[in-house]
Amino acid sequence: MREKEKSTLRKIEHHSRESFYLIVRGAEVGLFAGLVCVAYRKMLEMSEETLFLFIDYVKGSPLKTALWLALLGFIGAAVYYIVKLAPESGGSGIPQVTGEVKGYLTSPWLKTLAAKLIGGTLSVFAGLSLGREGPSVQLGGMAAKGVAKITKADKTTTLRMISCGAGAGLSAAFNAPLAGIMFVLEEIHRTFDKSILCMGIVAAVVADYVSKFFFGQNTIFNYQAENMPLRHYWLLVIMGVLLGLFGAFYNWFMLKTQDLYKRISKIPDPIKLAFVFVVSGVVGLWLPQVLCGGHIMAELLISEHPSIRILLALCVAKFLFGAFSFGSGAPGGTLYPLSILGTYIGAIYGDLVIDTFGLKPDLWQEFVVLGMAGFFASIVRAPITGIIVVFEISGNMNNILPLATVALISYATANTLGSTPFYEASLEKILKAKGIPTGEDGKVGERVLQTYVVPLGSPIAGKTLSQVEWGKHCLVVAIERGELSVTPKGDTKIMAGDTLVAMVSQRRFSRDRNRLERIINGE
């Protein structure tokens, strides 16, 4: 038997060293992903500070302003060529990591890392409304891929490490380790994998420790939660519906902006991106609050409680400028900017209902964080991650019930409208642009192990293995039923809650993975 197939088969052996192996791998991933994301975060902080020094310096001087805008145009053209050298470094980075884990894409890890670090820093230096969280997911994934390549990990382990590196990146960016691993399970894999969970928790915790070692342990939002009276929970239901509507519109508008930017074909791409950077410079001179990820808007919201008119103006401006920035394809994320939009929507809603129904003014901050969770859930379509993110960045456990109410209703509303999850739609656009309908990458040889949990109501629950059309390139090699390991045979009955371990050809990985998900989930 070839060595690669032996390596794959060793992965299905249940022995005492497996957990230790996953923990060690998780620690490696968390350490290197955390260090890379800390470096990126520090670079962005320095570039943002320098940006506002430049803005203060050039204001009031036409000559200095003209030179500053010319510099931004030059930087925009440079970023275009950086992204051209490493195409996977453009945009948020989350769809690219998801595409790699699912077998559609293969990114050169070192080139992507370098391009994302430099391009993302320059984009923030220009003031584009882009955040660090999405890029941190990609940086964490690519750092983990680098570790896997250097240590000569097999394909299955490499994919697991990339997944856990993505979660570690989110953990380091938000200081939210639980959200990091939940994001991997809920958004990237969309299934419960014990191996991913074991490795991912370690990676997320280690990355969080690395981040807090450099930046301290303070949460992003500090506030005193006021319990929402149960008789007023109907206001949260309305809020969830509104956030679901706004989230669906956000997805549609952002993607349409991206399409519009690409349809402008008469202007050379370097000039187009240079123009975007120049416009960002103009916006910075007139409305600096909406620049970059949105930290200024967050501080303004909590420290000053602006009037509803100012809240509305900043929310609309941030939304339009964010769509303009994202549509250009410049390296940078949307997670934090959309979270800031959610807080402002929550703040506006809170002002309206507090004044109208005579609620306690202290409830206003509660509406602010509820807006973030609900908007996140409707756009990313990961409600549990949204709930955990807000819980971790606020450090407050007293708002779990209202968080869950708003996030789940917002999620259900966006689903009912048929809105495609933002990063899923972004991945589809990337694959369409590359002409990759099936994801076959032409590689042969090594097998990849995939784990699936059979849900309640699955069409294969109650059937035997021989009664399911798995396909000639897929083989179920193990079944885990609680703590019991069942040897798969043709007459072995599949039960809801079983964990199936399937061996898939690497050459047909993305196609067979999607087909297996449809078979198991009945989609």
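Here are some questions and answers about a predicted model.

Because the model is predicted, local features need pLDDT of at least 70 and side-chain atom pairs count only at pLDDT 80 or more, while totals for chains, interfaces and linings use all residues. Residues are numbered from 1 along each chain as its sequence is written, and side-chain values use heavy atoms, with hydrogens and water left out.

Q: How many aromatic pairs are there?
A: Let's start with the rule: rings of Phe, Tyr and Trp (its six-membered ring) pair if their centres lie within 6.5 Å. Planes under 30 degrees apart count as stacked, over 60 as edge-to-face and the rest as tilted. Go by that rule and the count of aromatic pairs is 18.

Q: Is the pair of Tyr-349 and Phe-367 stacked or edge-to-face?
A: The ring centres of Tyr-349 and Phe-367 are 5.8 Å apart. Their planes make an angle of 65 degrees, and that makes the pair edge-to-face.

Q: Which helices hold Tyr-349 and Phe-367?
A: Helices (H or I, at least four residues) and strands (E, at least two) are DSSP runs, numbered from the N terminus. Tyr-349 and Phe-367 are 18 residues apart, and their pair links distant parts of the chain. Tyr-349 sits in helix 14 (residues 335-357) and Phe-367 in helix 15 (residues 364-380).

Q: Is Phe-367 buried or exposed?
A: Buried means under 20% relative accessible area, exposed over 50%, and partly exposed in between (1.4 Å probe, protein chains only). The relative accessible area of Phe-367 is 0%, so Phe-367 is buried.

Q: At what angle do the axes of helix 10 and helix 15 cross?
A: Axes are lines fitted to C-alpha atoms, for helices over the stretch in contact, and angles run from 0 to 180 degrees between N-to-C directions. The axes of helix 10 (residues 233-263) and helix 15 come within 8 Å. They cross at roughly 45 degrees.

Q: Are helix 10 and helix 15 roughly parallel or oblique to each other?
A: Angles under 35 degrees count as roughly parallel, over 145 as roughly antiparallel, 65 to 115 as roughly perpendicular and the rest as oblique. With a crossing at roughly 45 degrees, helix 10 and helix 15 are therefore oblique.

Q: Which residues of helix 15 meet helix 10?
A: Contact means heavy atoms within 4.5 Å. On the helix 10 side, the residues include Leu-236, Met-239 and Tyr-250. Across from them, helix 15 brings Phe-367, Leu-370, Gly-371, Gly-374, Phe-375, Ser-378 and Ile-379.

Q: Why does Glu-133 count as buried?
A: Glu-133 is in helix 6 (residues 133-150). Leaving out residues up to four places away in sequence, Glu-133 touches Leu-170, Ala-173, Phe-174, Leu-335 and Tyr-336. Glu-133 counts as buried because its relative accessibility is 1%.

Q: Is Lys-152 buried or exposed?
A: Lys-152 belongs to the loop between helix 6 and helix 7 (155-174). Its phi is positive, about 55 degrees, although Lys-152 is not a glycine. Most residues other than glycine have a negative phi. At 74% relative accessibility, Lys-152 is exposed.

Q: Where does Cys-292 lie?
A: Cys-292 is a residue other than glycine with a positive phi, near 60 degrees. At 0% relative accessibility, Cys-292 counts as buried. Cys-292 is in the loop between helix 11 (269-286) and helix 12 (295-304).
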